[in-house]
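Please keep the sequence and the model side by side while reading.

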Amino acid sequence: MNRLTTLIAVFTGLRIVLHTTHRMVYPFLAVFARGLGVDLTTLSAALTTRAVFGSFTPLLASVADSRGRKAGMLLGLGMFTGGVSLSALFPSYPSFVATIVLALAGSLIFVSTMQAYLGDRIPYERRGRAIAITEMSWSLAFIAGVPLIGLLIAWRGWRAPFPLLMVLGLAALAVVAWITPGDPAPAENRASMWGNFRTVFTSPAALAGLALGLCFTAANETVNLFFGVWLEDAFSLKIAALGATAIAIGLGEFG
C-alpha cells in the first residue's frame, strides 16, 4: 500500500502539470492571441480544433488495454511532452495549435489510463477516495499552476511557459518509467477495442451519460473561453491579476 500511496501522490502532481497546461490558455487567451499575432476568433478556432481532436483520444487510449497501463501512461506523457516542445522550440501559431491538441490528447490518455491502473490495484471500497485525491489536481491547477504561469508570462512573455513545461514533461516520463511497476500480460480473452465501443454505443444508459457529460463540458468550456477576455476588457486586469482570478475559481472547484 505504501507504493500505491507514493504513486497516487506522484500521479496527482503530474496531473497538476497536465491540467495547468490545458487551463492556462483560458485566462490568458487575449495574451496568447496578441503574442501569436492573431485575433480572438482565430485563437478560439484553435481551441475548437483541440476539442474535436480530443474526442478521438479513446482510439489511442485503447493501447492501455492491449499493451498495458504503464505503456498507455507513457504514451500520454510522450504526446504531451512532444506537444509542448513544439511551442518551446518553434513558437508560432501552427505550432501553438499542435501544442494544445497534443497536450490535451496526451493528458486525456494519461488520466484515463492512470485511473484504470489504480482501479486494477485498489480494492473497490477504497478506490473512490484514491481517484478523488488525484482529481483534486484539476482545481489545484487553477489555485497554484495557472497563477505561477501568469507570473512567468508577465516576466518573460507568452512563450515562457513552454520550455518549463517541456522539462517537466521529460521529467514526468522518466519518473513514471522508473517508479511504475510493469503490467501483467493482457488477458487473451480481453474484449476488443471495437467490441468495447459497440457495448458503449448500444447502451442507452451509456449514451445518456455521454450526453450529460457533453452538456456539462460545453457549458464549462463556454465560461472558460470568455471569462479571461471579459475580465481583461471590463476591469483592465494585468497578466498577474488574471492569473490570480483563477485562484478564486480553483477554490470554488476544490470546495
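Residues are numbered from 1 along each chain as its sequence is written, and side-chain values use heavy atoms, with hydrogens and water left out.

The predictor's confidence in each residue is given as pLDDT, from 0 to 100. The chain has a mean pLDDT of 89, with 96% of its residues at 70 or more. Among its elements, the lowest mean, 75, belongs to helix α5 (residues 63-66), and the highest, 96, to helix α9 (residues 161-179). Where pLDDT is low, the predicted coordinates should not be read in detail.

The secondary structure consists of 12 helices and zero strands. Both kinds of element are DSSP runs numbered from the N terminus: helices are H or I with at least four residues, and strands are E with at least two. With a radius of gyration of 19 Å, close to the 18 Å that the globule rule gives for 255 residues, the chain is as compact as a globular protein of that length. The radius is taken over C-alpha atoms, and the rule is 2.2 Å times the number of residues to the power 0.38. Along the principal axes, the C-alpha atoms fill a box of roughly 60 × 40 × 35 Å.

Of the 255 residues, 41% count as buried; buried means under 20% relative accessible area, exposed over 50%, and partly exposed in between, with a 1.4 Å probe and protein chains only. A contact means heavy atoms within 4.5 Å. Among contacts between residues at least 6 apart in sequence, 80% join residues at least 24 apart.

The chain carries 17 positive and 11 negative side chains, and the centres of these two sets lie 6 Å apart. Lys and Arg count as positive and Asp and Glu as negative, whereas His and the chain ends are not counted. Each charge is placed at NZ of Lys, CZ of Arg, CG of Asp or CD of Glu.

Now to the single residues. T81 sits in helix α6 (residues 69-89). Is T81 buried or exposed? T81 counts as buried because its relative accessibility is 5%. Beyond its neighbours within four places in sequence, T81 is in contact with M166, G169, L170 and L173.

Helix α8 (residues 124-156) holds A132, and L152 lies in helix α8 too. A132 counts as partly exposed because its relative accessibility is 43%. A132 and T12 are 120 residues apart along the chain, yet their C-alpha atoms are separated by 9.9 Å. L152, at 18% relative accessibility, counts as buried. Leaving out residues up to four places away in sequence, L152 touches G157, A160, P161 and L164. For L152 and L164, 12 residues apart along the chain, the C-alpha separation is 9.8 Å.

With a relative accessible area of 53%, G182 is exposed. Which residues does G182 touch, not counting those up to four places away in sequence? They are K70 and R121. G182 and W155 are 27 residues apart in sequence, and from C-alpha to C-alpha they are 42 Å apart in space.
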